Amino acid sequence: MKLCSANTWEIFKREFRAYFESPVAYVFLVFYLMLIGFLTFFVSRFYEANQADLKYFFFWFPWVNLLLVPAATMRLWSEERRTGTIELLLTFPVTLGEALLGKFWAAWAFMTLATVLTFPIVITTTWLGDPDLGAIAGGYLGAILLAGAYVAVGVWTSAMTRNQVISYVVALVVCLFLALAGWPPVMDIVNRWAPSWLVSAVASLSVMPHYESLQRGVVDFRDLLYYASVIVLALFGCYLVLENRRTA
Amino acid sequence: MLDVQHLQKKFGLIEAVRDISFTVTKGEILGVLGPNGAGKSTTMRMITGFLPPTSGTAIIGGYDIVEQPLQAKRLIGYLPENAPLYPEMTVTGFLDFVAGIRGYRGAERRRRVESGIERCRLEKVRHQTIETLSKGYRQRVCFAQAVLHDPQLLVMDEPTDGLDPNQKHVVREMIRSMASEKAILISTHILEEVEAVCTRAIIIADGRIIAEGTPAELKARHPSGRLDEVFRMLTRSAAEQTVVRR
């Protein structure tokens, strides 16, 4: 399947513009940037740390994205189903895969925009000191890939229901699982009852090791493969949900 | 133009459509009549490729909607029930999106959007967002979307539902104006509509075709010569038979 056919491009443009045709995009971007700024400067005490290092800044992306990516994706399919426009979309000469990819690219592009708009923090740091630009580039790549994985999960859960709130909550829970899967307190709970192969399987689903290794400025093929697998699996799950709804 | 062959649709144990077959040729306006829940919308959704049939198929201009959905869909213009639209888009923006999806680019794309706006008399609201429009205007925007690519087959699910008499008149005028060069399929439960626009009609009840003919032929089936009497006579007996069978 082509990753961006002419039809996918048309749907991408429509979805991306849809964010800006209502106040959603502006409210979203303002809150996203305020939240990242607040957490970096006040919770992590960026100034008091007295280091020109963006480690505290990148630390927050998995958590801010956890709250806000599902808000950016919850509408994608659920609203089409609620208003009935899905009947228009799927009777156009478009394949389901093309429509799905168009929506995914649009939401990911929107999240990439939100991520990139945090650049003033980087400028501040560069002005105050001499940070490792390679690590910053790696950190941003990691943050964007992380957003991509969350977006794919959100696209999937939005196809499951016509209710945006349910879509948001389910996406949040799945993303929270991806974020916490390798965390010791969680692993302790799994350890108590699960066989060791299951424990390591659950731990290997965690997004965190892949996120942290990119933050060090190391681009490892295995990290990229991890993100690609999460995205492909979630989108395939979404495809099955939509296909199944049609035949049910 | 449209050849519907033994369409059947089951939702779990419920059989919504049981073995429906009919044809529509160019120049014809076929009305699909039936009480609510008779299977009209399900039939239309299968013909337009939104729902896959449990068995049977529909051939549109030689293309099988199940086997060659993309080619078949290019020939169809579809106005779904309740005219669903993207509320946050402007009228022009929405029609431009549809033109793009239909494969038009550049000057031809703009020309298609302009002729759609003109044909459905949308000049006054072209820069308004769809959520601010009245029901009648929404219906016309959805109609513009359905005929933008000048389809050979036009499928409309209750096109005048919920409109006031003036708006109904406008929509029917638009349908009649393109009758000669297209095959048109209209579902409705409004009987006057069949007499006003259709050249032929089928009556569906309980997922089956129970009568077929021109409006005049159908009317002749009841001594009163009135279509609503015929409709009540036929659909009531079908409903009673169903009760007995169960």
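Predicted model: local features only at pLDDT ≥ 70, side-chain atom pairs only at ≥ 80, totals over all residues.
In chain A, residues 24 or more positions apart account for 81% of the contacts with a separation of 6 or more.

Chain A has 15 helices and zero strands. Chain B has nine helices and ten strands. The radius of gyration of chain B is 18 Å, close to the 18 Å that the globule rule gives for 246 residues, so chain B is as compact as a globular protein of that length. For the 248 residues of chain A, a compact globule would have a radius of gyration near 18 Å, and the 19 Å of chain A agrees with that.

The table sets out some values for each chain.

| Chain | Box along the principal axes | Buried residues | Mean pLDDT | Residues at pLDDT 70 or more |
|---|---|---|---|---|
| Chain A | roughly 60 × 50 × 30 Å | 38% of 248 residues | 89 | 98% |
| Chain B | roughly 60 × 40 × 30 Å | 46% of 246 residues | 89 | 96% |

Helix α3 of chain A, residues 46–49, has the lowest confidence, at a mean of 71. Helix α8 of chain A, residues 96–116, has the highest, at 96. For the complex, the predictor gives an ipTM of 0.89 and a pTM of 0.91.

## Where the chains meet

How many residues of chain A are in contact with chain B? There are 18 residues on the side of chain A, and they are in contact with 19 residues of chain B. Three elements of chain A give two or more residues to the side that touches chain B: α1 (6–20), α7 (85–89) and α15 (221–247). Of these, α1(A) gives the most, with four residues. By class, this side of chain A has six nonpolar, seven polar and five charged residues.

## A helix pair in chain A

Helix α10 of chain A spans residues 133–160, and helix α14 of chain A spans residues 208–215. Their axes come within 7 Å and cross at roughly 155°. An angle over 145 degrees counts as roughly antiparallel. The helices α10(A) and α14(A) are therefore roughly antiparallel to each other.

Which residues meet in this pair? From α10(A) come A:A135, A:G138, A:G139, A:L141, A:G142 and A:L146. From α14(A) come A:Y211, A:L214 and A:Q215. The residues of this contact divide into five nonpolar, four polar and no charged.

## A:V170

A:V170 sits in helix α11 of chain A, residues 164–180. A:I86 is 84 residues from A:V170 along the chain, and their C-alpha atoms are separated by 21 Å.

## B:F94

B:F94 lies in helix α3 of chain B, residues 91–101. This residue has 23 other C-beta atoms within 10 Å, so B:F94 is buried. Not counting residues up to four places away in sequence, B:F94 touches B:L85, B:Y86, B:M89, B:I130 and B:V141. B:F94 and B:R126 are 32 residues apart in sequence. From C-alpha to C-alpha, B:F94 and B:R126 are 9.8 Å apart in space.

## Two loop residues with positive phi

B:N82 is found in the loop between β6 (76–79) and α3 of chain B. B:N82 is not a glycine, yet it has a positive phi of about 65°. With 17 C-beta neighbours inside 10 Å, B:N82 counts as partly exposed.

B:D150 lies in the loop between α5 (135–147) and β7 (153–157) of chain B. B:D150 is not a glycine either, and its positive phi is about 50°. B:D150 has 13 C-beta neighbours inside 10 Å, so it counts as partly exposed.

Notes. Residues numbered from 1 in each chain as written. Chains lettered and ligands numbered in written order. Rg over C-alpha atoms; globule rule 2.2 N^0.38 Å. Buried ≥ 20, exposed ≤ 12 C-beta atoms within 10 Å, placed from the backbone. pLDDT = per-residue confidence, 0-100. Contact = placed C-beta atoms within 7 Å. Nonpolar A, V, L, I, M, F, W, Y, C, P; charged D, E, K, R; others polar. Axes fitted to C-alpha atoms, helices over the stretch in contact; angles between N-to-C directions. Parallel < 35°, antiparallel > 145°, perpendicular 65-115°, else oblique.
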